[in-house]
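Here is a short report on a structure. Please look over the sequence and the model first.

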Number of protein chains: 2
Amino acid sequence: MLEPPQVAFRDSVHPSDPVAIRRIVESTSFFRPDEVEVAVELAQERLAKGEASGYFFVFAEFDGGVTGYACYGPIACTLGSFDLYWLAVDQAHQGRGVGRLLVRECERRIRLQGGRRIYIETSGRPQYKPTRRFYEHCDYQTVAVLADFYDSGDDKVILVKRIDEIAAGV
Amino acid sequence: MLEPPQVAFRDSVHPSDPVAIRRIVESTSFFRPDEVEVAVELAQERLAKGEASGYFFVFAEFDGGVTGYACYGPIACTLGSFDLYWLAVDQAHQGRGVGRLLVRECERRIRLQGGRRIYIETSGRPQYKPTRRFYEHCDYQTVAVLADFYDSGDDKVILVKRIDEIAAGV
């Protein structure tokens, strides 16, 4: 892995971000067209409704451009549980630790928002093995597998990281 | 248990239903005020947006009044997975099998809508033990427990019933 670039984080959402998100998500060649639309729609909803949308964003900027982003939010009807909905890094900037920096930045912000647990839902299909491994490396643990949840043969895997048990200042 | 009353089922949502739902849900003395509001809001959203809301209702009517109801819907980004969001029976009509009839009616309708798995999410707190037992009697199985999901000491329990493995015509 190369040195992580000196990325700057930004949590305000700009009118240009839906386009940047589409570019990043499409660059990964990982998501279906309908999934790309959902990613873009979350940013549009955030722009329309502000924090009341329930969607919070972290953008990683490097050399004047957005190289990756994450989207998270509090889970309704819970105290301290958050979902990490999306995380993607531009294909051209992968392999340099930007994803891991984004996870860490989300965790820092979620902790400031009173979060104690962060959940990730992903697919159990082989294609998603690198995704699951990435989060395991970030200390997320698989706590549930719902067989055939997304479709026959496509399980839902739920991972969690408890950030209330981690020393402050991490 | 008394004989089940001869309830009639209705799936159209009337403008008077949010009030009926509030009455039923409050009569159970089981839900917090904010949970009651969520129950009412789902019906209002259904009235405003129709089936595009993603919320489907079954009302059990008996002797001219609504005695119970259930709310379910397809889970986005899945093929064949449905959530059973709400089910409540008026306190005055409990203990006569109306809840079980409502579950069966939801399952029948979900099957007609192409559903293959029905999920229920509930709390692991002792207060919800009768709820979990009710669904176990309806052949739902616990497939996941997310510790402290709702709050410290308040787990989320996920139950599922696979309706694709059941003989047609049930």
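## Basis

This is a predicted model: local features need pLDDT of at least 70, side-chain atom pairs count only at pLDDT 80 or more, and totals for chains, interfaces and linings use all residues. Residues are numbered from 1 along each chain as its sequence is written, with chains lettered from A and ligands numbered from 1 in the order in which they are written.

## Helix H1 of chain A

Helix H1 (residues 17–27) of chain A buries Asp17(A), Ala20(A), Ile21(A), Ile24(A) and Val25(A) (buried: 20 or more other C-beta atoms, placed from the backbone, within 10 Å of the residue's own). These residues cover an arc of only 125° around the axis, which puts them on the same side of H1(A) (the arc is that of the directions from the helix axis to the C-beta atoms). An α-helix has 3.6 residues a turn, so residues three or four places apart point the same way.

The buried residues pack against helix H2 (33–49) and strands E2 (56–62), E3 (65–74) and E4 (81–89) of chain A. Helices (H or I, at least four residues) and strands (E, at least two) are DSSP runs, numbered from the N terminus. Just after H1(A), Ser29(A) has a positive phi of about 55°.

## Contact between chains

Chain A and chain B each give 14 residues to the contact (C-beta atoms, placed from the backbone, within 7 Å). Strand E6 (residues 141–151) of chain A supplies seven residues, the largest share of the chain A side.

Methods: Buried ≥ 20, exposed ≤ 12 C-beta atoms within 10 Å, placed from the backbone. Contact = placed C-beta atoms within 7 Å.
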